Amino acid sequence: MTTLDLAPLWRSTVGFDRLFDLLEDSGRWTGDNYPPYDIERVGEDHYQISLALAGFTPDEVSITAEQNTLTVEGRKAEKGSHQYLYQGISSRPFRRMFNLAEYVQVKGASFENGMLKIDLVREIPEAMKPRQIAISTGGDHQQVENKQAA
């Protein structure tokens, strides 16, 4: 695999440190696919992460949202000794981390039929939305009008 050289971008940008860190970290991906998950866009600014957690209960799973990171952890409670002839349902502990873009917030989670669904919404503050600046002539003051995104 070739190495991505981000040095030219570092010289000409300010404030993109997190983006470059994400690009570098993606090259070090270990390939652990457990538990399987989907990330779905369900609306303009609405997303949903679904994790397949067969065999887990909601009490054995924790969800933590901290700054721009969402962490889902699961640890199966030990319940007696079983004598399996074949064990195909994984019950190993896991920790899955998702990097969230700015202004993306976790709005809720549900657990049904072995699927954990986490709802996310991107809420951009009014001050960050594009706005139309009215141009005045003469002694009038500038007027600011909010412009709705199309």
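Biologist: Which members of the 15-residue largest nonpolar core touch the most other members, and what makes a set of residues a nonpolar core?

Modeller: V72 and I118 touch the most other members of that 15-residue core. The elements giving two or more residues to the core are β2, β4, β5 and β7, and the largest share, three residues, comes from β7. The term stands for a set of buried Ala, Val, Leu, Ile, Met, Phe, Trp, Tyr and Cys residues joined through side-chain atoms within 4.5 Å, where buried means under 20% relative accessible area, exposed means over 50%, and partly exposed lies in between, for a 1.4 Å probe and protein chains only. The model is predicted, with pLDDT of at least 70 needed for local features and 80 or more for side-chain atom pairs, whereas totals for chains, interfaces and linings use all residues. Residues are numbered from 1 along each chain as its sequence is written, and side-chain values rest on heavy atoms, with hydrogens and water left out.

Biologist: Which residues is V72 in contact with, leaving aside its neighbours within four places in sequence?

Modeller: With contact taken as heavy atoms within 4.5 Å, V72 is in contact with L51, V61, S62, I63, F94, R95, R96, F98, L116 and I118, once the neighbours within four places in sequence are left aside. For the protein as a whole, among contacts between residues at least 6 apart in sequence, 46% join residues at least 24 apart.

Biologist: How many helices and strands does the protein have, and how do you know where an element starts and ends?

Modeller: There are two helices and nine strands, and from the N terminus on they run α-α-β-β-β-β-β-β-β-β-β. The elements are DSSP runs numbered from the N terminus, with at least four residues of H or I for a helix and at least two of E for a strand.

Biologist: Why is S50 called buried?

Modeller: The relative accessible area of S50 is 7%, so this residue falls on the buried side of the cut-off. S50 is found in strand β2 (residues 46-52) and, apart from neighbours within four places in sequence, is in contact with P36, Y37, D38, M115, L116 and K117. Across the 150 residues of the protein, 17% count as buried.

Biologist: What makes K76 and E60 a salt bridge?

Modeller: The N to O distance between the side chains of K76 and E60 is 3.3 Å, and the term requires a side-chain nitrogen of Lys or Arg within 4 Å of a carboxyl oxygen of Asp or Glu, so the pair qualifies. K76 lies in the loop between β4 (69-74) and β5 (94-99) and E60 in the loop between β2 and β3 (61-66), so the pair ties together parts that are 16 residues apart in sequence. K76, at 24% relative accessibility, counts as partly exposed, whereas E60, at 10%, counts as buried.

Biologist: How many salt bridges does the structure hold, and how close are the N and O atoms of E123 and K107?

Modeller: The structure holds four salt bridges. In the one between E123 and K107, the closest N and O atoms are 3.3 Å apart; E123 lies in the loop between β7 (115-122) and β8 (131-134) and K107 in strand β6 (residues 104-112), so parts that are 16 residues apart in sequence are tied together. Both residues count as partly exposed, E123 at 36% relative accessibility and K107 at 46%. E126 forms a salt bridge with K129, with 3.1 Å between the closest N and O atoms.

Biologist: How do you know that the peptide bond from Y34 to P35 is cis?

Modeller: Omega for the bond from Y34 to P35 is near -10°, and the bond is assigned as cis. P35 lies in the loop between α2 (17-26) and β1 (37-41).
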